Amino acid sequence: MLITTVLVTNFILAAAQISAVTEYCGVNSKSSDCKLEDSGIKYLFYDVNPPEGFNLRRDVYMRFAIMLSEAHKRGKSNWKLVLPPWYNLYHWKSDRGVKKPWSKLFELDALKSFAPVVEMHEVFNNTKSKVVELDTLYVLENFEDAFENGVFTEKWEISRGTCEHSTKFWGYKNITVKEILCVKFQGKISKLWELISQHPHDTKVMFAHGEIPLHDTYGTKTYWDCRKSMKFNKKLVKIAKKYISEHLNCESKKCKNYLSVHWRRQDFARSRGNEVPSISGTVKQILKTLKKLPDITTVFIATDASMSELNKLEKELTDVGYETHFFLPSPTITDEYGDGGIAIIDQIVCSRAAYFIGTHESTFTYRIQEEREILGFKSDTTFNRLCPDTGLCEEPSKWTIIN
């Protein structure tokens with residue numbers, strides 16, 4: 001009788017576990033992602049200062065991805081990095097209020113090949129109540145004087161004061177937090193583990209202002225391994241390749257027949273007028289470069305300029321015999337991929353050009369330069385910039401790939 005009771009009890013417990021997995025894991029979830037809340041998995045969330053743009057956020061992701069990847073190598077294999085949805089970015093106009101998962105813009109399997117990352121919806125799938133409760137939210141702040149006594153020292157300090165931070169996480173109403181700590185921080189991102197270790201029983205930890213910690217391994221092989229894993233969504237690549245084929249007459253990853261330019265306007269033209277050229281100054285510099293490239297008669301422009309500025313630039317180039325193109329997305333592409341997808345298409349087209357000219361200190365330009373390094377273009381065709389009409393023109397930094 002006792003044996004029968006034990007067998008029945010074990011059967012019921014096993015059935016309950018199967019039921020729990022079925023009820024709380026997504027229909028399309030892989031079995032490896034489909035775990036119960038008490039499986040020992042710990043989640044690290046992060047966010048970035050709201051005004052920061054798409055391409056800076058990609059760099060912040062890399063800092064956290066490398067942090068988690070390296071931690072896994074040291075035995076912290078139960079931690080996963082939660083990818084914050086793309087939501088209400090300051091510069092995005094076409095998809096305000098829409099939460100876009102990373103898989104809409106990047107290949108998730110490629111990201112997972114480098115670091116233990118999960119999408120936000122996967123976390124909700126693994127939460128029985130469908131409410132995610134963060135154990136600790138660390139709101140990071142800069143120290144007032146980073147170089148106290150002329151020396152930069154890695155350090156952190158829990159502040160006794162209050163720090164402002166919205167608890168409306170990415171527009172979700174079902175994310176709560178138990179404790180908020182204000183932390184002054186400076187140093188490399190791996191130092192965040194010191195903070196996490198103060199609360200060893202936490203299973204859901206978040207860092208706000210994730211842009212404050214610095215790279216541990218900027219420019220190293222590890223950095224480039226992470227960067228290479230950030231493969232664009234295959235559908236976006238297909239759209240870009242079709243555009244390059246139909247409008248720029250190239251079927252290769254390394255084209256030889258067009259020049260590409262990232263021409264940053266709007267906030268750069270307003271706040272960095274001494275670093276960016278006027279419209280006529282931009283045309284002069286493009287023409288000066290084209291004279292060195294006699295086999296190229298086509299120019300592709302990636303820009304946030306107004307249509308009137310674009311029309312003026314295009315007219316000045318076409319008047320002297322150069323064919324000018326810029327990507328104009330269809331409403332279908334805009335609705336499906338939003339401003340992030342359009343930016344990626346622009347970057348793909350720029351990255352495959354025979355020669356590239358960027359905008360100084362623009363993260364959009366940096367990401368194109370990285371793509372070109374991965375593709376194997378020569379540095380002198382990649383690290384070029386638009387100079388101001390007058391004054392000094394600082395040479396762009398050259399961060400070349402390490403394989």
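Predicted model: local features only at pLDDT ≥ 70, side-chain atom pairs only at ≥ 80, totals over all residues.
Colleague: How are strands and helices labelled, and when do two strands pair?

Modeller: Helices (H or I, at least four residues) and strands (E, at least two) are DSSP runs, numbered from the N terminus. Two strands pair if DSSP finds at least two bridges between them. Here, 7 strands form an open sheet with mixed pairing. The order is E3-E2-E1-E7-E4-E6-E5.

Colleague: Which strands stand at the edges of that sheet?

Modeller: Strand E3 (117–119) and strand E5 (155–159) do. Each has a single partner strand, so one side of each is left without a neighbour in the sheet. The twist averages 30° from one strand to the next. Axes behind such angles are lines fitted to C-alpha atoms, for helices over the stretch in contact, and angles run from 0 to 180 degrees between N-to-C directions.

Colleague: In what sense do E1 and E2 pair, parallel or antiparallel?

Modeller: Parallel, over 3 bridges, between E1 (residues 42–46) and E2 (residues 79–83). Lysine 42 stands opposite tryptophan 79 in E2. Helix H2 (residues 54–73) packs on this sheet. H2 touches E1, E2, E3 and strand E7 (204–208), where contact means heavy atoms within 4.5 Å. The direction of H2 makes about 165° with that of E2.

Colleague: And how many bridges join E4 to E6?

Modeller: There are 9 bridges between E4 (residues 132–141) and E6 (residues 175–186), in the parallel sense. Leucine 137 has isoleucine 180 in E6 as its bridge partner. E5 and E6 pair in the antiparallel sense over 5 bridges. There, serine 159 stands opposite cysteine 182 in E6.

Colleague: What is the strand order in the sheet of 4 strands?

Modeller: That open sheet runs E10-E9-E8-E11, with parallel pairing. Strand E10 (323–325) and strand E11 (355–357) are at the edges, each with a single partner strand, so one side of each lacks a neighbour in the sheet. Neighbouring strands are turned by 20° against each other on average, direction ignored. Strand E8 (residues 259–263) and E11 run parallel, joined by 3 bridges. Serine 260 stands opposite phenylalanine 356 in E11.

Colleague: Which strands of this sheet does H11 touch?

Modeller: H11 touches E8, strand E9 (298–303) and E11, and its direction makes about 145° with that of E9. H12 lies across E8, E9 and E11, running at about 160° to E11.

Colleague: What describes two packed helices?

Modeller: The angle between their axes and the distance between the axes. Angles under 35 degrees count as roughly parallel, over 145 as roughly antiparallel, 65 to 115 as roughly perpendicular and the rest as oblique. Take H11 (residues 331–351) and H12 (residues 363–375): their axes come within 9 Å and cross at roughly 50°. That makes H11 oblique to H12.

Colleague: Is the H11 and H12 crossing left-handed or right-handed?

Modeller: Right-handed. A crossing is left-handed if the near helix is turned anticlockwise from the far one by less than a right angle, and right-handed if clockwise. Residues in this contact include Ala343 and Asp346 in H11, and Phe364 and Arg367 in H12.

Colleague: At what angle do H2 and H6 pack?

Modeller: At about 115°, with the axes of H2 and H6 (residues 221–228) 10 Å apart. H2 and H6 are therefore roughly perpendicular to each other. H2 passes H6 in a right-handed crossing. Among the contact residues are Arg58 and Tyr61 of H2, and Thr222 and Tyr223 of H6.

Colleague: How many salt bridges does a search of the whole structure find?

Modeller: It finds 17. A salt bridge is a side-chain nitrogen of Lys or Arg within 4 Å of a carboxyl oxygen of Asp or Glu. One joins arginine 57 and aspartate 47 (3.9 Å, N to O). Arginine 57 is in helix H2, and aspartate 47 is in the loop between E1 and H2, 10 residues apart.

Note on methods
Residues numbered from 1 in each chain as written. Heavy atoms only, no water.
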